[in-house]
Amino acid sequence: MSIHFELKKITTETLKKMKVSGEKISMLTAYDYSMAKLADEGGLEAILVGDSAANVMAGYESTLPITLDHMIYHAQSVVRAVKRALVIVDLPFGTYQSDPIQAYNSAVRIMKESGASAIKIEGGEEIKDSIKSILNSGIPVMGHLGLTPQSINKFGSFKLRAKELDEAEKLISDAKLLEKLGCFSIVLEKIPSDLAEKISRELSIPIIGIGAGNETDGQVLVIHDLLGMNKDFKPKFVRKYLNLHEEITEAVSQYVKDVKSKNFPNKEESF
Ligand SMILES: Nc1nc(=O)c2c([nH]1)NC[C@@H]1CN(c3ccc(C(=O)N[C@@H](CCC(=O)O)C(=O)O)cc3)CN21
Ligand SMILES: CC(C)C(=O)C(=O)O
Ligand SMILES: [Mg+2]
């Protein structure tokens with residue numbers, strides 16, 4: 001299969017134009033050089049260095065433990081691989097909520113040390129001063145509303161968000177606020193499809209959904225989920241395009257067999 005898209009760097013403006021023209025935006029996560037290269041060559045518009053690295057890369061139960069230093073390390077690896085996609089980096093838990101100066105310092109470190117093009121930040125009204133201060137320094141900001149995993153200890157579960165009217169109204173007003181502040185895009189996670197559709201229609205910035213139906217302006221998934229690398233994580237919103245868990249464990253056990261039987265290495269593989 002050949003790469004038939006234009007090899008031109010995607011910008012936040014490209015995503016805004018795609019919304020206007022009705023072309024859907026595809027985004028996946030990546031945390032390391034090899035996977036980011038594959039993702040970029042597959043033709044994604046955006047690559048998210050998600051704080052889901054805490055789960056996927058480091059095996060933590062939640063996204064809370066990952067540090068700014070860890071996120072910068074992942075972002076540096078991804079930036080070295082990517083030629084075309086827009087690289088966006090999650091601000092991790094505890095690096096932006098206390099005040100606008102903390103948020104500014106964290107976002108500036110990511111941009112300075114990784115070379116990424118934008119940051120993503122979880123929350124609405126509560127963190128508006130932090131978002132403003134990042135935007136004021138010229139850093140593009142992507143919002144993230146609905147199921148915000150850094151607040152899992154407040155929510156208590158990964159259940160559908162904004163099912164009830166009061167939470168849906170708060171989400172709509174938060175989304176409008178993020179647009180007004182100047183965010184270039186918003187991720188909506190695990191909310192009813194009709195609510196995500198309404199917000200996508202009412203706002204002029206691109207809305208990227210995960211578990212938010214197919215009427216948003218684009219979609220995002222964790223790449224390991226789409227590749228079927230983790231047997232145990234299968235929420236309803238994931239579509240598995242490969243079953244790499246099976247492929248890889250089978251390859252490894254074939255290798256084990258070959259080593260034990262001295263089938264590997266053979267003459268051609270030896271000096
Ligand atoms: N591998 C991976 N994929 C993700 O999409 C992801 C992460 N990790 N880590 C950070 C957050 C956490 N996310 C999550 C986690 C769980 C559900 C979820 O639906 N969990 C349950 C249902 C929980 C319930 O209804 O009570 C499930 O069906 O697996 C959704 C998003 C999304 N993010
Ligand atoms: C699932 C996406 C939106 C995310 O925030 C992450 O991977 O950290
Ligand atoms: Mg995240």
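The structure is a predicted model, in which local features need pLDDT of at least 70 and side-chain atom pairs count only at pLDDT 80 or more, while totals for chains, interfaces and linings use all residues. Residues are numbered from 1 along each chain as its sequence is written, and chains are lettered from A and ligands numbered from 1 in the order in which they are written.

A residue is called buried if 20 or more other C-beta atoms lie within 10 Å of its own, exposed if 12 or fewer do, and partly exposed in between, with the C-beta atoms placed from the backbone. Lys180 counts as exposed because it has 10 C-beta neighbours inside 10 Å. Its C-alpha atom is separated by 9.8 Å from that of Leu203, which is 23 residues away along the chain. Glu247, in helix α11, has 13 other C-beta atoms within 10 Å and is therefore partly exposed. Between Glu247 and Lys16 there are 231 residues of separation in sequence and 38 Å in space, taken from C-alpha to C-alpha.

From these residues we can turn to the interior. A nonpolar core is a set of buried Ala, Val, Leu, Ile, Met, Phe, Trp, Tyr and Cys residues joined through C-beta atoms within 7 Å. The largest such core has 70 residues, and Ala46 and Ile47 are the ones that touch the most other members. Helix α4, residues 68–81, gives the most to this core, contributing six residues. Two residues are in contact if their C-beta atoms, placed from the backbone, lie within 7 Å. With neighbours within four places in sequence left aside, Ile47 is in contact with Met27, Leu28, Ala30, Ala36, Ala39, Asp40, Val78, Val82, Ala85 and Val87.

Helix α4 also meets helix α2, residues 33–41, and the axes of the two come within 8 Å and cross at roughly 40 degrees. Such axes are lines fitted to C-alpha atoms, for helices over the stretch in contact, and the angles run from 0 to 180 degrees between N-to-C directions. That angle makes α2 oblique to α4, since angles under 35 degrees count as roughly parallel, over 145 as roughly antiparallel, 65 to 115 as roughly perpendicular and the rest as oblique. The contact is made by Tyr33, Ala36, Lys37 and Asp40 of α2 together with Ser77, Val78, Arg80 and Ala81 of α4.

The UniProt record, in an unreviewed entry, places the feature "binding site" at Asp51, Ser52, Asp90 and Lys120. These positions span 70 residues in sequence, yet no two of their C-alpha atoms are more than 12.5 Å apart, so they gather at one spot. UniProt positions are given in the numbering used here, with feature names shortened, and annotations may be inferred rather than shown by experiment. Ser52 lies in the loop between β2 (46–49) and α3 (53–56), and it is buried, with 20 other C-beta atoms within 10 Å. Not counting residues up to four places away in sequence, Ser52 touches Thr29, Thr63 and Val222. Asp90, found in strand β3, residues 86–90, is buried because it has 29 C-beta neighbours inside 10 Å. Beyond its neighbours within four places in sequence, Asp90 is in contact with Leu48, Val49, Gly50, Asp51, Met71 and Lys120.

An unreviewed UniProt entry also places the feature "active site" at Glu189. This residue is found in strand β6, residues 185–189, and Glu189 is buried, with 21 other C-beta atoms within 10 Å. Glu189 touches His144, Gly146, Leu147, Thr148, Ile210, Gly211 and Ala212, residues up to four places away in sequence not being counted.

Finally, some details of the backbone deserve attention. Most residues other than glycine have a negative phi, and most peptide bonds are trans. Ala162, in the loop between α7 (152–155) and α8 (165–181), has a positive phi of about 60 degrees although it is not a glycine, and Ala162 is buried, with 23 other C-beta atoms within 10 Å. Lys262, in the segment after α11, likewise has a positive phi of about 60 degrees without being a glycine, but Lys262 is exposed, with 8 other C-beta atoms within 10 Å. The peptide bond from Phe264 to Pro265 is cis, with omega near -5 degrees, and Pro265 has its place in the segment after α11 (244–260).

Notes
Helices (H or I, at least four residues) and strands (E, at least two) are DSSP runs, numbered from the N terminus.
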